[in-house]
Amino acid sequence: MTYAPDVAFPGAPEAVREVAERLARAGVRRIVLLSGRGEPEAQRAERLLADVAEQYGAAWGVVRCAFFMQGFDESLFQPPLAAGHLAFVAGDVREPFVDAEDIADVAVGLMLGEVVPNRAYELTGPRLMTFAEVTAEIAAAAGRQISYQQVSGAELTTDLVRAGLPVEEAEGLTQLFDHILDGHNESLATGVQEALGRAPRDFMEYATRAAAAGAWLEEAAS
């Protein structure tokens, strides 16, 4: 289960509980939640999922993640990177960016019964990186100039609205980024190793793969 735009948004825990109960009542025996890393609402959603699953005799699992690597080639950050300039609010905070392929491997393992259930797995990549460092590695992988610029929360909200997001969602995302990027995620976790018995994929491996697929070509921005 996932909650859009993010499980840390108000109302998400109640929605998770409702869907989990519907699944369990319908006979689903394994339920996995994509959760956040350290956000109070995300943690509450995890507790509600576990309560419902245990009530109905279902197995449950949680994959806790912060920023996905794929956010740079499939989502919010792809257009500005393809245009050659990323403006964001991250500052010098270092994030343990995780490859969505690793998240999928753990989630599928939980759903197939191949990974130990009834617990949370905290998933990170193998390195802590600033957004400026990420931008530099993407530029190197893409073989072109791409710059990073620090902006304020108000500027980011304006940019998100200009990109097509509703004002309320843009403001919510800016507030979420403000919380996520307060430094509480500046640590590595061992969830991928614990679940899969291997190391997590590195950012450069991801960037090389995405660049080869044409993610940050200049024409991709148009």
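Which side chain meets that of Asp202 in a salt bridge? The legends below concern a predicted model, and the first of them gives the reply.

**Figure 1. Asp202 and Arg127 form a salt bridge.** The side chain of Asp202 meets that of Arg127, with a distance of 2.8 Å from N to O. Asp202 belongs to the loop between α8 and α9, while Arg127 belongs to the loop between β4 (119-122) and α5, so the pair ties together parts that are 75 residues apart in sequence. Asp202 is partly exposed, its relative accessible area being 23%. Arg127 is likewise partly exposed, at 30%. In general, side chains of opposite charge can pair when their charged atoms come close.

Figure 2. Within the helix, which spans residues 203-212, the residues Phe203, Tyr206, Ala207, Ala210 and Ala211 are buried. The buried residues of α9 pack against α5 (131-142). After the helix comes Gly214, which has a positive phi, near 90°.

**Figure 3. Arg198 and Asp105 are joined by a salt bridge.** Their side chains meet at 2.9 Å, N to O. Arg198 is placed in the loop between α8 (191-196) and α9, and Asp105 in helix α4, so this pair ties together parts that are 93 residues apart in sequence. Arg198 is partly exposed, with a relative accessible area of 27%. Asp105 is also partly exposed, with a value of 30%.

**Figure 4. Val108, Met111 and Leu112 make a nonpolar surface patch.** The area of the patch is about 270 Å². Met111, one of its members, is situated in helix α4 (residues 100-112). The relative accessible area of Met111 is 44%, and this residue is therefore partly exposed.

**Figure 5. Arg64 and Glu46 meet in a salt bridge.** The side chains come to 2.7 Å, N to O. This pair links distant parts of the chain, since Arg64 is in strand β2 (residues 59-64) and Glu46 in helix α2 (residues 40-56), 18 residues apart. Arg64 counts as partly exposed, at 25% relative accessibility. Glu46, by contrast, is buried, with a relative accessible area of 8%. The model holds 16 salt bridges in total.

**Figure 6. Arg37 takes part in a network of salt bridges.** The network links Arg37, Glu46, Arg64 and Glu122. Arg37 is located in the loop between β1 (30-35) and α2. Is Arg37 buried or exposed? With 4% relative accessibility, Arg37 counts as buried, because the limit for that term is under 20%. The side chains of Arg37 and Glu122 are joined by a polar contact of 2.5 Å. A polar atom of the Arg37 side chain also lies 3.1 Å from the backbone oxygen of Asn185. Apart from neighbours within four places in sequence, the residues in contact with Arg37 include Cys65, Ala66, Pro96, Thr124, His184 and Leu188.

Terms used. Residues are numbered from 1 along each chain as its sequence is written. This is a predicted model: local features need pLDDT of at least 70, side-chain atom pairs count only at pLDDT 80 or more; totals for chains, interfaces and linings use all residues. Side-chain values use heavy atoms; hydrogens and water are left out. Buried means under 20% relative accessible area, exposed over 50%, partly exposed in between (1.4 Å probe, protein chains only). Helices (H or I, at least four residues) and strands (E, at least two) are DSSP runs, numbered from the N terminus. Contact means heavy atoms within 4.5 Å. Patches are made of residues with over 30% relative accessible area and no salt bridge: like charges are joined within 9 Å, nonpolar side chains (Val, Leu, Ile, Met, Phe, Trp, Tyr) within 5 Å. Accessible areas come from the Shrake-Rupley method with a 1.4 Å probe; for residues, only the protein chains shown count as cover. A salt bridge is a side-chain nitrogen of Lys or Arg within 4 Å of a carboxyl oxygen of Asp or Glu. A polar contact is a pair of N or O atoms within 3.5 Å; within protein, one must be able to donate a hydrogen and the other to accept it, and residues adjacent in sequence count only if both atoms are side-chain atoms.
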